Amino acid sequence: MTYEMVESRVVAPARAQAAGRGFSVISDPDAELVERWLAGDEAAFGDLVRRHQRRVFSLVLRMLGNREEAEDVAQEAFLSLHRHGRRFRRQARFSTFVYRVAANAALNRRRTLGRKRAREEALARRQDAGLDLPVTPRDPESAASGSQIQARVQAALLELPPDLCMAIVLYDIEGQSYRDIADALRIPEGTVKSRIHRARHALRDRLQALVRAEPEESKGVAS
Amino acid sequence: MNHPRIRARLSEYLDRKLSAEQRSKLDAHLVECSACSAELRELERTVDLLRRLPDPEPPPYLAQAVMARLESGEAQPESLAQRLRRVVGPAFALSAAALAGLFVFALVDIDIERPTEASTTIGPVAGTSETGGESVRSVREARRLARLTRLHARRGEHAEVAQLLRGAGHPHSALLATHFEHDPGYTLAVW
């Protein structure tokens, strides 16, 4: 993980927070493409898919922990987006709508799969230190030593109740603001805060060995 | 200070969501409370572990696969008829327009009451109406006719059912009347 990537995740929530506190509304960068798509231009929808596929796939993969399932659900999410495009209300950003559709798709699949299967897969990954998750680290050394930690973190995520997992993935991984998460999941901001808080504590409990270790040990890389 | 209350705010403290005053109070407590300080450090490391997860690469063919499925006809927006058919179910094989036309007359859910004398004069049911007074009369009449129709249908009095439907004066209720006349067994099974 490079410094730049870490900083973007740290900064992004603050930027989003600023927008939520009544600063100037961030214009929707997808507005033009969305208008063209809703007017019948399917190529514009293709551009929207390419533009948002990374965030959709990331969200779904973190929720399901299985690449094959995530690919399937990501496709279903975009098909659902296409099917229900006319429900998009332009008061919110299109990306919020995308997250809502993707979140629903992921939650539905997770319910279908069941937490038991998620736990079984998480256990298998812990035991094998399997690289079910694609790793594109910038530092080759961290790939070898950090993959087990990543697998444990992902496994711990899968053990969380779906609503807590979704909140913490959207906030701490996807960098969305409380307000955007509230809009995407159609819940009050207070509920978003509560879920993030509970999710962090639950994760901390599951990752005790990592979080209580010295920082250099938990990072798994040379400082 | 109340430790559970402090710990309940640690997440917001970490995210800089507290007011300056709240933050100041928490700072003062954290300086003196090793337990709460340790909890904050653990939360920080938990968040750090999450944020260090790498960005997964989507499959290179994802967009292509989505567009191919769209071109094959998947995920097209539902038409009104398709949505009605999906919601109402296969029991109603008539078109969506027929269902809408029959709604006031045939689909009103009315409790079975003691049978009333059938009127020999059954005028057309207005269906929807623009004025409030006419609408009430139409709904009342529609309910009466619905009760009668159900009563006759339960008794197997198909000719009476067909007559009531034809008397409703709507082309789609006339269509349903034809079903009763030509295939009453099927029609009653899906009523």
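Predicted model: local features only at pLDDT ≥ 70, side-chain atom pairs only at ≥ 80, totals over all residues.
User: OK, on to where the chains meet. How much area is buried between chain A and chain B?

Analyst: The contact involves 54 residues from chain A and 37 residues from chain B. Carbon and sulfur atoms give 59% of the buried area. That area is about 4700 Å².

User: Which three residues supply more than any other three of the area that chain A buries against chain B?

Analyst: Together, the trio supplies 13% of the area that chain A buries against chain B. Its members are R54(A), Q75(A) and R200(A).

User: Which residue of chain A meets R51(B) in a salt bridge?

Analyst: The rule finds eight salt bridges across the interface of chain A and chain B. In the one with R51(B), the N to O distance is 2.8 Å. The partner side chain belongs to D172(A).

User: And which helix gives the most to the side of chain A that touches chain B?

Analyst: Several helices of chain A each supply at least two residues to that side, including α1 (3–20), α4 (67–83) and α9 (189–206). The top contributor gives eleven residues, and that helix is α3(A).

User: S58(A) is in a helix of chain A. Is S58(A) buried or exposed?

Analyst: S58(A) lies in helix α3 of chain A. Leaving aside neighbours within four places in sequence, S58(A) is in contact with E174(A) and P56(B). The cut-off for buried is under 20% relative accessible area. S58(A) has 3% relative accessibility, so the residue counts as buried.

User: Last one: how many disulfides does a search of the whole structure find?

Analyst: A disulfide needs a pair of cysteine sulfur atoms within 2.5 Å. Take C36(B): the nearest cysteine sulfur, that of C33(B), is 3.6 Å away, so C36(B) is in no disulfide. Over all chains, the search finds zero.

Technical notes: Residues numbered from 1 in each chain as written. Chains lettered and ligands numbered in written order. Heavy atoms only, no water. Contact = heavy atoms within 4.5 Å. Buried area = accessible area lost by both parts, 1.4 Å probe. Salt bridge = Lys/Arg side-chain N within 4 Å of Asp/Glu carboxyl O. Helix = DSSP H or I, 4+ residues; strand = E, 2+ residues; numbered from the N terminus. Buried < 20%, exposed > 50% of the residue type's maximum accessible area, 1.4 Å probe, protein only.
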